[in-house]
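Look over the sequence and the structure before reading on.

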Amino acid sequence: MGRPCSFHALLLGAALAEKGCAMKVLRAINGLDGLAEAGLVPRADVARLAPVETAFRIRVTGAMQQAMAAPDDPVARQFVPDVAELTIRDEELADPIGDDAYAPVKGLTHRYPDRVILHVTKTCEVYCRFCFRREAVGEEGALSDEAILAALDYIAVNPAIREVILTGGDPLVLSARRIKGLMDRLCAIPHVDMVRIHTRIPVVAPEKVSAELVSALRGRVVVWVVVHTNHAQEMTEAAEAALARLVDAGIPLLSQSVLLRGVNDSVPALEALFRRLMGCRVKPYYLHHCDLAKGTSHFRTTIAEGQALMAGLRGRVSGTLLPSYVIDIPGGFGKVPLVRDHAEPLGDGAWRITDWRGGVHLYQDPER
Ligand code: SF4
């Protein structure tokens, strides 16, 4: 008998839970054949999807297989390849946020004076179909020790750098031992006082948030973990427990999500996600406009649609639940909020202020 398809596994998991048994974590699927065997791609579509597999890596963790409830649901759409990925539009870019344009040494992006991004690995636990680094991830694996040392030397001789952002790929695919070694070296650089870790692991592979990993994240510098998640359906009980292990260890959590057509482009979907995150003690931080990565136009909303969703949320949820809706300006010019302006200057200190219902109010600055 072949492996059970994910929907059978889901039923099996529910049955085990009913009997008080722990749900077994499924093995990750790499590639189209595995997806077909698990029933996530019709066998008849494998040949049609083969060029997608050639262009972009495929991997779906056990946790995400178990989180899928139907082949075209908001979780499946993020990980199961689609022929739409073969449509490359003129405006789409291999490096949409311009990481390479600001790379003084291999693996390091230095775009702003006070912070750097250290791409410690190109590997991920899952490969998201909309990924903005999809042309870079999955190929080389971890940054070599020599490259890490060169990046640390660069940070050490640039005292303006206060914050190091670990990203990838997904930095938490590295072993707890390697993370600890890196953290120890960062803690030894006196002007570095914050490390931010951008990861999808607590949600897509929560079993990897081990006591050893949590302990590796603690040291002299302040560590913030920014968790990437896009839909409440991904936030399983196992993910909630993994997030709790981090928060209970004193590590503050933020989230980043990508606005994705067909996944979370509705007020109820975003509200459910942000409420679930707050329930897990994660502050929603960024909602990214989907970047101009190649083969991702089917996921992209318009900016006006994104702004309308944020306006719809503003009247329904408290400010603590609301992230900033942001865009990385294509070409590497940085991230800016895509706010709808609520304040229009009328001159002589007078302002027209528009509230969340569209009501207009006049406001006058004090005279100076
Ligand atoms: S985990 Fe992050 S870096 Fe990796 S494929 Fe998904 S979005 Fe891209």
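## Cysteines

Cys128 counts as buried because its relative accessibility is 11%, where buried means under 20% relative accessible area, exposed over 50% and partly exposed in between (1.4 Å probe, protein chains only). Cys124 is also buried, at 14% relative accessibility. The structure holds 0 disulfides, a disulfide being a pair of cysteine sulfur atoms within 2.5 Å.

## Basis of the model

This is a predicted model: local features need pLDDT of at least 70, side-chain atom pairs count only at pLDDT 80 or more, and totals for chains, interfaces and linings use all residues. Residues are numbered from 1 along each chain as its sequence is written, and side-chain values use heavy atoms, with hydrogens and water left out.

## Cavity

The search of the whole structure returns 1 cavity of 30 Å³ or more. Lining residues have an atom within 4 Å of a point. Grid points are joined across faces, edges and corners, and a volume is the space filled by probe spheres set on the points.

The largest cavity holds about 40 Å³ of space. Its lining consists of Phe56, Arg57, Tyr127, Cys128, Arg129, Cys131, Arg134 and Val137. By class, that lining has 5 nonpolar, no polar and 3 charged residues. Here Ala, Val, Leu, Ile, Met, Phe, Trp, Tyr, Cys and Pro count as nonpolar, Asp, Glu, Lys and Arg as charged, and the others, Gly among them, as polar.

The largest pocket has a volume of about 800 Å³. It is lined by 36 residues, and the closest to its centre are Phe132, Arg133, Thr167, His198 and Gln256. The lining divides into 16 nonpolar, 10 polar and 10 charged residues.

Several strands supply at least two lining residues each, among them S3 (108-112), S4 (115-119) and S5 (163-167). Helices (H or I, at least four residues) and strands (E, at least two) are DSSP runs, numbered from the N terminus.

## Ring contacts

There are 2 aromatic pairs. Rings of Phe, Tyr and Trp (its six-membered ring) pair if their centres lie within 6.5 Å; planes under 30 degrees apart count as stacked, over 60 as edge-to-face and the rest as tilted. Phe130 and Phe299 are edge-to-face, at 5.8 Å centre to centre with 80° between the planes. This pair links distant parts of the chain, 169 residues apart: Phe130 is in the loop between S4 and helix H6 (145-156), Phe299 in the loop between S9 and helix H12 (303-314). Both are buried. Tyr285 and Tyr286 are stacked, 4.1 Å centre to centre and 25° between the planes.

Charges also sit over rings, meaning NZ of Lys or CZ of Arg is within 6 Å of the ring centre and within 35 degrees of the ring normal. Arg134 lies over the face of Phe56, 3.6 Å from the ring centre. The charged end of Arg115 sits over Tyr112, 4.2 Å from the centre of its ring.

## Positive phi

Which phi does Arg281 have? It is near 65°, a positive value in a residue other than glycine. Arg281 lies in the loop between helix H11 (267-279) and S9. Its relative accessible area is 45%, so Arg281 is partly exposed.

Asp348 has a positive phi of about 55° and is not a glycine. Its place is the loop between strand S12 (343-347) and strand S13 (350-354). Asp348 is exposed, with a relative accessible area of 79%.

Notes:
1 Å grid on protein atoms, 1.4 Å probe; cavity = no way out; pocket = protein on both sides within 12 Å on 5 of 7 lines; lining within 4 Å.
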